[in-house]
Amino acid sequence: LGETVNRKPLGHLLKMFTSLGIYAESFEIPFLECTSEFYAAEGMTYMQQSDVPDYLKHVESRLNEEQDRCKIYLDISTKKPLIATAERQLLERHISAILDKGFMMLMDGHRIEDLKRIYSLFLRVNALESLRQALSMYIRRTGQGLVMDEEKDKDMVSSLLEFKASLDSIWEESFSKNEGFCITIKDAFEHLINLRQ
């Protein structure tokens, strides 16, 4: 919670636990349980109170803090389960909520950095498929509005080209030129062309 912790004696104490062979049982197991409870509660609260870009920044900084904790005073064996616990409670549990609450807004606003953040965080928890599906739905929904609006018929081609250019730059800059995302964009566009025909 940002309170100052005297890390030196904490580090010595945990080294002593390790040398006595009681680190995992006496410290690591209860520590991971408390971490899980803490992030479960924090994730729920932050998800309700924050917009998606702020939530993602918060998750990123929490994961960095846990990395630092591992370097400074925890045993190296704790790193993997600790990071996995934070990722599960702050990210995995909220994949749908993050996408429902903020993905369209990020795409509409061409928010390159925030989309890059969502991509890298979802990559950590093997949730890129959910992101691809959200992208496909976004393209179809937005593109359908461009293709089916008869009042804007004369501007349709230029609007579609502009939309495609925007998606291509997001693919390059935010989605690391991921091949799967390229195919998603292509397939969704084919769907739009078929709609028009």
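**View 1. The second largest pocket of the predicted model.** This pocket holds about 230 Å³ of space. Two helices, helix 5 (95–108) and helix 7 (128–148), each supply at least two residues of its lining. Ile95, Ser96, Leu99, Asp100, Phe103 and Met104 are among the lining residues. Ser130, Gln133, Ala134, Met137, Tyr138 and Arg141 line the second largest pocket as well. By class, the lining divides into 7 nonpolar, 3 polar and 2 charged residues. Asp100 and Arg141 are the charged ones.

**View 2. An aromatic cluster that includes Phe103 and Tyr138.** Four residues make up one aromatic cluster: Phe103, Tyr138, Phe163 and Phe189. Phe103 and Tyr138 also belong to the lining of the second largest pocket. Phe163 sits in helix 8, where Phe163 is buried.

**View 3. The largest pocket.** Its volume is about 500 Å³. The lining counts 19 residues, and those closest to the pocket centre are Leu1, Val5, Glu66, Arg69 and Tyr73. Helix 1 (7–19), helix 2 (23–49) and helix 3 (52–72) each supply at least two lining residues. Helix 2 gives the most, with 6 residues. Sorted by class, the lining of the largest pocket has 10 nonpolar, 2 polar and 7 charged residues.

**View 4. Tyrosine 23 and phenylalanine 27, an aromatic pair within helix 2.** The structure holds 9 aromatic pairs. One of them joins tyrosine 23 and phenylalanine 27. The ring centres are 5.4 Å apart, with 45° between the planes, and the pair is tilted. Both residues lie in helix 2. They are 4 residues apart, about one turn of the helix. Tyrosine 23 and phenylalanine 27 are both buried.

**View 5. Tyrosine 119 and phenylalanine 175, a pair between a helix and a loop.** This aromatic pair is tilted too, at 5.8 Å centre to centre and 40° between the planes. Tyrosine 119 lies in helix 6 (residues 112–124). Phenylalanine 175 lies in the loop between helix 8 and helix 9 (179–196). The pair therefore ties together parts that are 56 residues apart in sequence. Tyrosine 119 counts as buried because its relative accessibility is 8%, under the 20% cut-off. Phenylalanine 175, at 1% relative accessibility, also counts as buried.

**View 6. Helix 8, its span and its buried residues.** Helix 8 covers residues 156–173, which is 18 residues. At 1.5 Å a residue, helix 8 should span 26 Å.

**View 7. Cysteine 34 and cysteine 70, with no disulfide.** The structure holds 0 disulfides. From cysteine 34, the closest cysteine sulfur belongs to cysteine 70, 16 Å away. A disulfide needs sulfur atoms within 2.5 Å, so this distance is too far for a bond. Cysteine 70 is likewise in no disulfide, and the sulfur of cysteine 34 is the nearest cysteine sulfur to its own. Are these two residues buried or exposed? Cysteine 34 counts as partly exposed, at 49% relative accessibility. Cysteine 70 is buried, with a relative accessible area of 7%.

Note on methods
Residues numbered from 1 in each chain as written. Predicted model: local features only at pLDDT ≥ 70, side-chain atom pairs only at ≥ 80, totals over all residues. Heavy atoms only, no water. Buried < 20%, exposed > 50% of the residue type's maximum accessible area, 1.4 Å probe, protein only. 1 Å grid on protein atoms, 1.4 Å probe; cavity = no way out; pocket = protein on both sides within 12 Å on 5 of 7 lines; lining within 4 Å. Points joined across faces, edges and corners; volume = space filled by probe spheres on them. Expected span 1.5 Å × (residues − 1). Phe/Tyr/Trp six-rings, centres within 6.5 Å; stacked < 30°, edge-to-face > 60°.
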